[in-house]
Amino acid sequence: MFSRIFNKVHLFTISIFGILVSACSRDDLNVRQSTLDPKGPVAKMQFDVFMDTVWLVLVLFAIVGGLLVYAVIRFRARAGEDTRPKVEEGHGNPLVEIGLITASIGALVFIAIPTLSAIWYTDDVPAEAIPASKLSAWYQHLDENGKENYPKALAGDVLEIDVIGKQWWFRFEYPQLGLTADAKHTVPNEIVIPRGKAVRLNLRSEDVIHSFWLPKIAGKVDLMPGRKNKMWIQADQVGHYYGQCAEFCGDSHAYMLFRCNVVEPEEFAKWVKAQKAEAAPVEPNSKAEKGKALFAAKTCAMCHNISGHFGAGNFAPDLTHVASRRSLAGAWLDNRDRKAQLALEVQTKNTESTTPVDPAVLKANLIKWIGSSGTSHGIDGQPTKDVKPGNRMHYYKMFNVVSLNESHQQFTAEELDCLAEYLLTLK
Ligand code: CUA
């Protein structure tokens with residue numbers, strides 16, 4: 001009986017171990033949000049701390065496991081043998097105790113050195129060039145050419161980006177470049193940075209605590225109300241990266257994502273210029289024009305800014321360039337062709353490769369997003385149909401004096417179509 005159960009347990013352990021080991025190819029680690037595939041110096045530094053810990057734990061596991069196996073075999077009961085303990089039980093051996101305490105302290109120090117240096121390193125762009133040997137306590141990183149690949153980032157040449165957390169999306173501002181709330185140019189949910197440039201992130205929140213986490217580039221520092229935090233990032237490889245809020249912040253915490261586009265410096269300059277452009281006039285007597293009128297009538301314009309058309313605050317994401325973004329709804333909905341995107345990722349073996357926005361997918365997403373929000377959001381015990389449960393768009397009813405007493409006013413299919421057509425013009 002016992003041996004049968006033991007065999008089953010054994011089989012189970014072996015299969016789990018097999019599954020874990022089989023999952024450990026280098027390609028499998030290259031998933032969209034992987035801390036094991038660092039693409040920048042801060043992420044590399046953090047990866048090192050992780051590996052230091054893994055190695056230490058493996059050594060401890062081998063020692064403790066080895067002693068256990070030794071004891072089980074050496075002192076096992078044999079058939080027909082007297083099973084009473086032959087060894088006199090010991091108690092309070094000072095040498096063993098002091099030895100164990102010393103070993104524990106040694107293990108903690110072994111972990112503390114790289115951990116503390118990584119914390120200091122993450123906090124801000126290094127003020128002066130630091131020799132490779134000082135950057136990581138135990139490892140040196142060499143690129144394909146055998147060169148040390150930590151950056152010689154200097155505090156004098158840093159791109160400043162303000163990161164503001166909201167329920168449930170991120171707002172990015174570039175104060176040095178005039179992309180700010182005051183200038184009516186803010187960037188929601190898709191941060192864009194030039195490759196190889198040190199970027200200082202000034203983190204804060206306008207409601208509850210959120211956390212900035214861009215696994216392949218760096219993580220993870222909290223965005224807090226009434227307090228400024230900072231960290232720095234640098235991406236050494238062009239591509240489209242996936243980030244996530246990493247602090248529970250309410251209903252749609254799990255849907256509070258963001259993206260990071262790492263581009264060549266020339267392309268970055270072009271992007272900044274494009275962000276400052278105002279929305280073009282819509283074609284007269286078109287669906288888009290109807291949509292624009294609806295945008296005002298349905299009070300969308302009270303929260304969303306569209307430079308050149310509507311000048312509202314920053315309560316909701318700026319939509320001046322919404323049709324150029326690869327994601328929608330706090331990066332939860334993807335505006336690219338899913339099949340084409342996955343095929344490209346498989347082909348390049350790289351989740352940073354990206355396809356452009358697909359207008360058909362974008363339109364479907366816009367309709368899904370606007371059409372679900374503010375209709376059935378889990379009140380009155382009804383299950384939510386919202387793309388993002390609890391999202392703030394359902395409050396539009398509060399501002400709409402006319403419909404205040406109507407319950408769950410919805411857009412008609414035609415209205416949704418017009419709104420989507422209007423938003424599609426905002427490139
Ligand atoms: Cu914001 Cu979780």
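In this predicted model, Glu173 and Arg171 are both buried. Their side chains meet in a salt bridge, with a distance of 2.9 Å from N to O. Side chains of opposite charge can pair when their charged atoms come close. A search of the whole structure finds 19 salt bridges, and several others are described here.

The side chains of Asp417 and Lys287 form a salt bridge at 2.6 Å, N to O. Asp417 belongs to helix H11 (residues 413–424) and Lys287 to helix H7 (residues 287–297), so this pair ties together parts that are 130 residues apart in sequence. Asp417 has a relative accessibility of 16% and therefore counts as buried. Lys287, with a relative accessible area of 45%, is partly exposed. A salt bridge also links Lys290 and Glu414, whose closest N and O atoms are 3.4 Å apart. Because Lys290 lies in helix H7 and Glu414 in helix H11, this pair ties together parts that are 124 residues apart in sequence.

Strands of a sheet pair through backbone hydrogen bonds, either parallel or antiparallel. In this model, an open sheet is formed by five strands in the order E4-E10-E9-E6-E7, with mixed pairing. Its edge strands are E4 (190–194) and E7 (218–223), each of which pairs on one side only. On average, neighbouring strands of this sheet are turned by 20° against each other, direction ignored. Within the sheet, strand E6 (residues 210–214) and strand E9 (residues 239–245) run antiparallel and are joined by two bridges. Phe212 stands opposite Cys245 in E9.

Cysteine pairing was also examined. A disulfide is a covalent bond between the sulfur atoms of two cysteines. The count of disulfides in the model is zero, where a disulfide requires a pair of cysteine sulfur atoms within 2.5 Å. Cys249 is buried, with a relative accessible area of 4%. Cys260 is likewise buried, and its relative accessible area is 0%.

The backbone was then considered. Most residues other than glycine have a negative phi, and most peptide bonds are trans. The peptide bond from Gln167 to Trp168 is cis, with omega near 0°. Trp168 is placed in the loop between strand E1 (159–166) and strand E2 (169–173). The peptide bond from Gly219 to Lys220 is also cis, with omega near -15°, and Lys220 is found in strand E7.

Asn285 is not a glycine, yet its phi is about 55°. This residue lies in the loop between helix H6 (265–276) and H7 and is exposed, with a relative accessible area of 76%. For Lys349, which is a residue other than glycine, phi is near 50°. Lys349 is located in the loop between helix H8 (338–348) and helix H9 (359–372). With a relative accessible area of 56%, Lys349 is exposed.

Val64 has a relative accessibility of 55% and so counts as exposed.

Note on methods
Residues are numbered from 1 along each chain as its sequence is written. This is a predicted model: local features need pLDDT of at least 70, side-chain atom pairs count only at pLDDT 80 or more; totals for chains, interfaces and linings use all residues. Side-chain values use heavy atoms; hydrogens and water are left out. Buried means under 20% relative accessible area, exposed over 50%, partly exposed in between (1.4 Å probe, protein chains only). Two strands pair if DSSP finds at least two bridges between them. Helices (H or I, at least four residues) and strands (E, at least two) are DSSP runs, numbered from the N terminus. Axes are lines fitted to C-alpha atoms, for helices over the stretch in contact, and angles run from 0 to 180 degrees between N-to-C directions. A salt bridge is a side-chain nitrogen of Lys or Arg within 4 Å of a carboxyl oxygen of Asp or Glu.
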